[in-house]
Amino acid sequence: MVPAEFGYVAPRTITEALALLERYGDSARLLAGGHSLIPLMKLRLAMPSMLIDLGEITELRGIRDDSGTLVIGATTTHATVAANELVRARYPVLAEAAGQIGDVQVRNRGTIGGSLAHADPAADLPAVMLALDAQLNICSPAGARLVAARSFFEGMFTTQLAATEMLTEIRLPPLPARTGTAYQKAANLASGYAIVGVAVVVTLDSDGAVAAARIGVTGAGAQPVRATTAEAALAGRVPGEANLSMAASAAGHDIEDPLDDMHASADYRRHLVAVHTRRALERAIAAAG
Ligand SMILES: Cc1cc2nc3c(=O)[nH]c(=O)nc-3n(C[C@H](O)[C@H](O)[C@H](O)COP(=O)(O)OP(=O)(O)OC[C@H]3O[C@@H](n4cnc5c(N)ncnc54)[C@H](O)[C@@H]3O)c2cc1C
């Protein structure tokens with residue numbers, strides 16, 4: 001449980017950090033909250049020769065409004081996200097999920113950017129990012145690019161991020177009126193990680209029919225996914241017993257290759273996705289109405 005030898009540097013600006021990433025390349029790792037990276041280093045599953053600590057970079061922290069888009073800095077902690085008034089008022093699903101991550105210590109150190117970049121299949125926030133249609137701002141010495149959360153996750157612990165890139169901001173578009181949200185998870189009781197987590201964002205039209213629904217699922221497979229068949233089953237319909245049941249069941253089958261491990265079998269995961277989709281939909285629709 002002792003990490004391999006490594007160097008340490010704490011830049012004060014994004015530009016400085018990017019220059020360091022370019023200089024050290026594959027042998028460097030960015031350090032945010034350290035709650036995933038440090039355990040990996042202790043197990044020697046990660047052995048970077050240089051750690052670039054993002055903790056001194058103030059421009060990476062905080063939450064602000066940018067003409068209706070909410071911008072969250074990558075090193076903003078889960079605790080700050082969960083407590084923020086703008087997040088709670090506009091994107092309650094994010095506050096709800098961030099407030100359920102791990103325990104107080106994890107929420108006080110762990111960061112939104114670290115969680116997304118790490119892409120643990122059992123992490124909560126990826127599902128929320130899919131449901132909120134978030135855009136992720138990625139910077140490198142060559143410039144910046146915006147990537148939709150939907151294209152960001154590429155597999156277990158794998159994202160679009162290249163070795164010289166850094167996630168700097170999460171941008172959340174405004175939600176329309178008559179939108180409700182909810183996050184439901186079956187948590188691992190020891191760690192809090194999602195065995196299955198479902199984030200739902202539903203917009204109703206003036207007749208009470210579903211104008212749009214986005215359902216993000218985490219924990220069930222190697223990477224977070226949108227439950228698109230379930231979303232389509234709801235579109236244009238006034239939600240009732242029959243189509244909620246149909247959508248929930250469809251969500252279970254939207255997971256193409258469910259994980260099968262000591263925490264839950266593949267069949268049980270599909271079942272949990274259906275159950276938690278149903279619960280999240282009921283709560284989101286009630287909130288939208
Ligand atoms: C006991 C325990 C319980 C937990 N329970 C949960 C839970 O219930 N739900 C949940 O979702 N998570 C849980 N976590 C994980 C927690 O949310 C971590 O904080 C998160 O996974 C990683 O964030 P971090 O800021 O600690 O990142 P770090 O550990 O510092 O970094 C993780 C990885 O991301 C990279 N990275 C970090 N920031 C950036 C960036 N800005 N740009 C590019 N790459 C970056 C690092 O190089 C590293 O590879 C738990 C962790 C622990 C230790």
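This is a predicted model: local features need pLDDT of at least 70, side-chain atom pairs count only at pLDDT 80 or more; totals for chains, interfaces and linings use all residues.
Modeller: Residues are numbered from 1 along each chain as its sequence is written, and side-chain values use heavy atoms, with hydrogens and water left out.

Colleague: How many residues surround the ligand?

Modeller: A residue is near a molecule if one of its heavy atoms lies within 4 Å of it. Among the closest to the ligand are Leu-30, Gly-34 and Asp-124. The number of residues around the ligand is 30.

Colleague: Which residue has a backbone N or O atom 2.7 Å from an oxygen atom of the ligand?

Modeller: A polar contact is a pair of N or O atoms within 3.5 Å. For Arg-29, a polar side-chain atom lies 3.0 Å from a ligand oxygen atom. Ala-32 has a backbone N or O atom 2.8 Å from an oxygen atom of the ligand. At 2.7 Å, the backbone atom belongs to Leu-37.

Colleague: What share of the area that the ligand exposes when taken alone does the protein bury?

Modeller: Accessible areas come from the Shrake-Rupley method with a 1.4 Å probe. Taken alone, the ligand exposes 980 Å². The share buried by the protein is 90%.

Colleague: Which element gives the most residues to the shell around the ligand?

Modeller: Helices (H or I, at least four residues) and strands (E, at least two) are DSSP runs, numbered from the N terminus. Two or more shell residues come from each of β2 (28-31), α7 (112-118) and β10 (166-172). With four residues, the element that gives the most is α7.

Colleague: How much space lies in the largest pocket?

Modeller: On a 1 Å grid over the protein atoms alone, a pocket is an open set of points where a 1.4 Å probe fits, with protein on both sides within 12 Å along at least five of seven lines; lining residues have an atom within 4 Å of a point. The ligand takes up the space of the largest pocket. A volume is the space filled by probe spheres set on the points. For the largest pocket, this is about 1200 Å³.

Colleague: How many residues line the second largest pocket?

Modeller: The second largest pocket has a volume of about 200 Å³. Asp-120, Tyr-193 and His-263 are among the residues nearest its centre. The number of lining residues is 13.

Definitions and conventions. A polar contact is a pair of N or O atoms within 3.5 Å; within protein, one must be able to donate a hydrogen and the other to accept it, and residues adjacent in sequence count only if both atoms are side-chain atoms. A molecule sits in a cavity or pocket if more than half of its atoms lie within 2 Å of its grid points.
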